[in-house]
Amino acid sequence: MATLFEKIINGEMDADIVHQDSQVTAFRDIDPKAPTHILVVPNKAIATVNDIADDDELVIGHMVTVARDLARKEGIADDGFRLLMNCNEHAGQEVFHLHMHLLGGRPLGPMLAG
Ligand code: AMP
């Protein structure tokens with residue numbers, strides 16, 4: 001069954017898409033935790049970081065360069081931002097389509113809550 005994010009990538013579900021190319025799609029998180037909260041996802045369905053294949057290195061690298069460019073576009077590059085990927089239960093992963101959170105626009109505090 002297609003995940004929410006596959007539906008967004010395919011245009012079957014609405015989202016505030018800020019970037020899309022042949023490899024990745026980026027859209028604003030529906031429940032933002034910071035003034036800028038964007039999800040960068042591969043168009044290819046990869047469930048978790050554990051499922052990344054060696055052949056996926058190019059697309060994973062592209063996710064980072066897209067996040068870099070979006071941080072500049074959002075005006076948060078110089079002050080700083082956080083890139084985050086949750087994997088499985090202990091990290092609280094909710095959507096099983098690989099995604100990188102781009103968070104910024106305010107001081108983000110310590111990396112972990114406690
Ligand atoms: P994670 O906990 O790392 O799996 O993050 C999943 C993220 O997806 C959460 O920050 C949610 O707020 C976000 N999310 C869930 N559904 C949607 C949606 N339809 N559009 C945009 N973001 C979503």
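Ala, Val, Leu, Ile, Met, Phe, Trp, Tyr, Cys and Pro count here as nonpolar, Asp, Glu, Lys and Arg as charged, and the others, Gly among them, as polar. This is a predicted model, where local features need pLDDT of at least 70, side-chain atom pairs count only at pLDDT 80 or more, and totals for chains, interfaces and linings use all residues. Residues are numbered from 1 along each chain as its sequence is written, and side-chain values use heavy atoms, with hydrogens and water left out.

View 1. A pocket is an open set of points on a 1 Å grid over the protein atoms alone, where a 1.4 Å probe fits, with protein on both sides within 12 Å along at least five of seven lines. Its volume is the space filled by probe spheres set on the points, which are joined across faces, edges and corners. For the largest pocket this is about 820 Å³. The lining, residues with an atom within 4 Å of a point, numbers 33 residues. D29, D31, K33, H37 and H101 lie nearest the centre. By type, the lining holds 17 nonpolar, seven polar and nine charged residues.

View 2. Helices (H or I, at least four residues) and strands (E, at least two) are DSSP runs, numbered from the N terminus. α1, β2, β3 (36-42), β4 (81-84) and β5 (100-104) each give the lining at least two residues. α1 gives the most, three residues.

**View 3. The ligand and its shell.** The ligand sits in the largest pocket: more than half of its atoms lie within 2 Å of the grid points. Around the ligand are 16 residues, each with a heavy atom within 4 Å of it. D29, N86, E94, H99 and H101 are the closest. The shell splits into seven nonpolar, five polar and four charged residues.

View 4. A polar contact pairs N or O atoms within 3.5 Å. A polar side-chain atom of D29 lies 2.5 Å from a ligand oxygen. For N86, the side-chain distance to a ligand oxygen is 2.9 Å. G92 uses a polar backbone atom, 3.1 Å from an oxygen of the ligand.

Methods:
Polar contact = N/O pair within 3.5 Å; in protein donor to acceptor, adjacent residues only side chain to side chain.
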